[in-house]
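Please read this report alongside the sequence and the 3D view.

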Amino acid sequence: MPGGREVAVSLKEEVDLLRNIPLFSKVDPSKLKLLAFASERLTFAPGQELFRQGDSGDAAYIVIAGEAEVLVDAPGGPVAVARVGKNDLVGEIAILCDVPRTATVKALSNVVTLAISKDLFFQMVSEYPQFAIEVMRELAERLDRTTGQLREAVSAKARS
Amino acid sequence: MDKNIYQYILRYSKRQQIVVTLMAVASFPFLYAFYELPKRIVNNAIQAKNTAFPVEVLGVELTQIDFLFVLCGLFLLLVLINQAFKYAINVYRGLTGERMLRRLRYDLYWRVLRFPQPTFRKLSQGEIIQMINAEVEPLGGFIGDAFSVPAFQGGTLLVIFGFVVYQNVWLAAAAVMFYPLQFYIIPKLQRRVNAYGKERVRLARGLSNRIGETVSGVQEVHVHNAARLELATFSRRLGAIFEVRFRIYLWKFVIKFINNTVNHLGPFFFYSIGGYLVIQGRLELGTLVAVIAANKDLAAPWKELLSYYQMREDARIKYEQVIEQFDVPEMMEPALQLDEPETVEPLKGAFAASSLRLEDETGHVLVEGASFRIEPGQHVAIVGAGGSGKDHLALMLARLVGVSGGSLTLDGKKLADLPEPLTGRRMAYVGPVSHLVSAPLRDNLYYGLKHRPLIDAVYEAEGLKSFERHLREAEASGNSTDDPDADWVDYEAAGVDGAEALTGRAIEVLSMVDMENDVYQFGLRGTIDPEAEPDTAARILEARGAFLRRLDDAEIASLVEVFDPERYNDNATVAENLLFGLPVGRTFAPDRLAENPYVLEVLEIAKLDETMLEAGRHVASTMVELFADLAPGHEFFERYSFIGHEELPEYQAMLSRIGREGVASLRPEERTRLLALPFRLIPARHRLDAIDDGFKQRLLEARRIFADDLPPEYEGAVARFDRDHYNAAASLQDNILFGKAAYGPARGAERISRAIAEVVDRLDLREAVMAVGLGFHVGIAGGRLSSVQRQKLAIARSVLKRPDVLVLNEATATLDGGSQGRAMERILAELEGRTVIWSLHRASLARSFDRVLVMAGGAVVEQGAYEELDREGSTLRELVEAE
């Protein structure tokens, strides 16, 4: 079957999908539609990498279907640290703060994604304050979570 | 060149000028008769003075009426004869003028080719273009007139004047009594106009120079937001030109005013004095009528003569101003540039420089006291810091700048005295920035092999006639009679036996400079005419077959959606799906499908018209929803929207009207606009839900109808997708692919081109694809290539002609580090046993050379083998360490 057919997701479905992602949940649906329309839908075969740690980032990916694992390079080879699936957003760090990819993401099954290019992402942020606020909120929450984890780790270490 | 335009005219068109003058003289008796006859008609035929009828003419008796008609018939005949003379003279002088203009332009252009290099620092491209193109244009007209107008019009004037004198001396005197006044005043006024004319020429040159500069420096204008300043200076220049032109008008019309007034004084005297004489009975009425008619005609040639005088002054100034610029000292002798030597021997001797010196125009010393020898076959590097004079030395060795002092010889002969046909064939030079001509890549590559026509082009029937006519005219204008369409390529010089072998060799040389992949890509993107290149087309079809078999591999199959006449292609536009082919020409161009009557008919038969309109409405409403609140000029419009910002409100209005009153309320042109939108849809990419399975089914039906009923006149307007035939409208890559790259698979384009490359290599097609790539048009000055590609091409061009001496002047500086080193090693290996002189931008690269000349402050401070010079405290060591 030639490519692209089996996953003929419509724009409307993509918008519904985007709304289920926390980062986009409060963004105006018409903006999400524009985001979806302007984004490319990319599919990855099992084993294919979405991106590789250390590469420069040009897009973030929203997983529409399938599953992928997040790998981090370690002295003994790559170590799987997490799995991502439907509705997850990956690769946004590299496009937000211009650092190389912090991990490798590899498809485990057929993975369908919506690729939001760096340009588009920044266009949306600068164009729609509401969108920017949501991005900020999401990042702040993550920071809070990570700080919490760090605090726990530190106090656990102090106890031992 | 002749300093005076008349000298130039006489030197090259003396015969024509004599012929045209004789023609004028021959016409005068008829002209005189033409003025004489009316008098006879009035006096003898009508008034029957001194005539008794019937009269006998040539033995035939004529009544008064017959006599009148015979005379009138004669008059008619004379009219025809006079006009025929005028026509012949005009055509002949036009021909003469055009030929001379052609010669003049050719002479000037050739001079440009022989200018010493520094001339171009003083004379800009814009000025040269302005002079050769615009300024000499009116000269052609003048040259045709130079002798014929004074002869013809002056003669006419004299004839008419003679006629009037013969009728009545007083009347004649009255008619011309103010001519001396005109003769006195007009030149005085004309001198003013001339001065402004000179000024105008100067200003116009400045203007075209300025435009040229703006075009080449337009990037800087954008970078520095200098548009306003540029506009201001341009406006100032236009203002100055306006002023001068306006003044010219003022004076020109003063002259005209005086002339016309004076000319009308004639009739005043005729009516008053002539009338008085007629009343007194001292003059016949017929004579007065004829004199008045003649005087009216007297005004015309007189006017012509005066305007000739003005034109002559104008032409004289223009000619002098142009010639002055093209008369450059130290211009190359024509013979040195063009005379074909009996044999072109290889350059076997050594370069010897002693106390070589180079100054610029201001006397600033660039190179001084350079003495060295370069043995034949040696590879010599010239190194030095910026400003050390190494590039000037390279230019001198390539004979592109003349030496100011000392001597520079090759094989004991002064380098400057060697004929260009020798140096241009046995030597080559590549500078840091190379120029390409606006032609296919191949022509640029072979530029160094085309010195003279070698194999005549074959012409037949009409072609031959037009070629011969062209040749005759070229000869008559002293232009080159070489045929640019002949085969000029010197295959022998490239060491091959013909065109095909040269293509192979060209590809080999391009590989030396790491350009083979670029050319391969150009080839894949290129198109061919399958009729002209049936072999390549057949082999590409073979590759298509091989690629289609590769689709058994599911991974590759997911990358391409193959064209299938029975299936809708989700990765192609609706337009492509309908045509099932590519448009040729504008008939079925995507943006015109919605207005094409045949397409509309097909849609209607397939019952797709309303569906398409509905799809159009859907697309329009989505676009309005997505883009309505974006600012105008937002880049999203350009990149994603089907509808421009300024059109959005119109579509909005259409949509709301459809909402209220249905699609029937649309005006025809609104229907067309709406209908045009879905033709651009690609379902796999746009995901707009506008195209469902029912739509696709009906479109397949429409596709069938479109092909079956295609009227014969549209036959050539579509290049259909046909598995067994080469598609002339598609690129090589698309022909191999025979389908659309699928939207979706990540890194699809990259994986497809890898798969294609595999097929191409397995079928040994790479060279054929690259041969097509050689046909890639490089654009104006090579603008469609990157600067690195241009530079690589220039190096390849010089290597291809197998020079005995190759001079390179920082030629690889723009290449990236890796390919720079590789290219250098390969070129040096290729030119083993031939002289290579390379001015390097990095001293460490000199390790690969037999000898090194180290320059500092315009002098050669060290020379010898790299190992000898690479020692503590040497300039070379310093240069290497500074890298």
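The text below describes selected parts of a predicted model.

In this predicted model, local features need pLDDT of at least 70 and side-chain atom pairs count only at pLDDT 80 or more, while totals for chains, interfaces and linings use all residues; side-chain values use heavy atoms, with hydrogens and water left out. Residues are numbered from 1 along each chain as its sequence is written, and chains are lettered from A and ligands numbered from 1 in the order in which they are written.

**Domains of chain B**

The domain assignment divides chain B into domain 1 (5-326), domain 2 (351-434 + 804-882) and domain 3 (584-719). Such bounds come from an automatic or database domain assignment. Between the C-alpha centres of domain 1 and domain 2 of chain B there are 60 Å.

**A mixed sheet**

Chain B has an open sheet of six strands, in the order β8-β15-β16-β5-β17-β18, with mixed pairing. At its edges stand β8 (427-430) and β18 (859-864) of chain B; each has a single partner strand, so one side of each is without a neighbour in the sheet. From one strand to the next, the twist averages 15°. Strands are DSSP runs of E with at least two residues, helices are runs of H or I with at least four, and both are numbered from the N terminus. Two strands pair if DSSP finds at least two bridges between them.

Within this sheet, strand β5 (residues 379-384) of chain B runs parallel to strand β16 (residues 835-839) of chain B, and four bridges join them. Here B:Val380 stands opposite B:Ile837. Helix α33 (residues 817-830) of chain B packs on the sheet and touches β5, β15 (805-809) and β16 of chain B; the directions of α33 and β16(B) make an angle of about 155°.

**Antiparallel pairs**

Strand β3 (residues 351-359) of chain B is joined by six bridges to strand β4 (residues 365-374) of chain B, and the two run antiparallel. B:Ala352 is opposite B:Arg373 in this pair. Five residues lie between β3(B) and β4(B) in their hairpin, and B:Gly363 in the turn has a positive phi of about 90°. Five bridges also join β3(B) to strand β6 (residues 405-410) of chain B, again antiparallel.

**Helix pairs**

Axes are lines fitted to C-alpha atoms, for helices over the stretch in contact, and angles run from 0 to 180 degrees between N-to-C directions.

| Helix pair | Axis distance | Angle |
|---|---|---|
| α22 and α28 of chain B | within 9 Å | roughly 130° |
| α4 and α5 of chain A | within 5 Å | roughly 110° |
| α8 and α10 of chain B | 9 Å | about 160° |

Angles under 35 degrees count as roughly parallel, over 145 as roughly antiparallel, 65 to 115 as roughly perpendicular and the rest as oblique. Therefore α22(B) is oblique to α28(B), α4(A) is roughly perpendicular to α5(A), and α8(B) is roughly antiparallel to α10(B).

Residues of α22(B), including B:Tyr598 and B:Val602, meet residues of α28(B), among them B:Ile705 and B:Phe706. In chain A, the residues that meet include A:Phe121 and A:Met124 in α4(A), and A:Phe131 and A:Val135 in α5(A). Contact means heavy atoms within 4.5 Å.

**One residue**

B:Gln791 lies in helix α32 (residues 787-800) of chain B. Because its relative accessibility is 2%, B:Gln791 counts as buried (under 20% relative accessible area, with exposed over 50% and partly exposed in between, for a 1.4 Å probe and protein chains only). Leaving aside neighbours within four places in sequence, the contacts of B:Gln791 include B:Val430, B:Pro432, B:Ala811 and B:Leu815.
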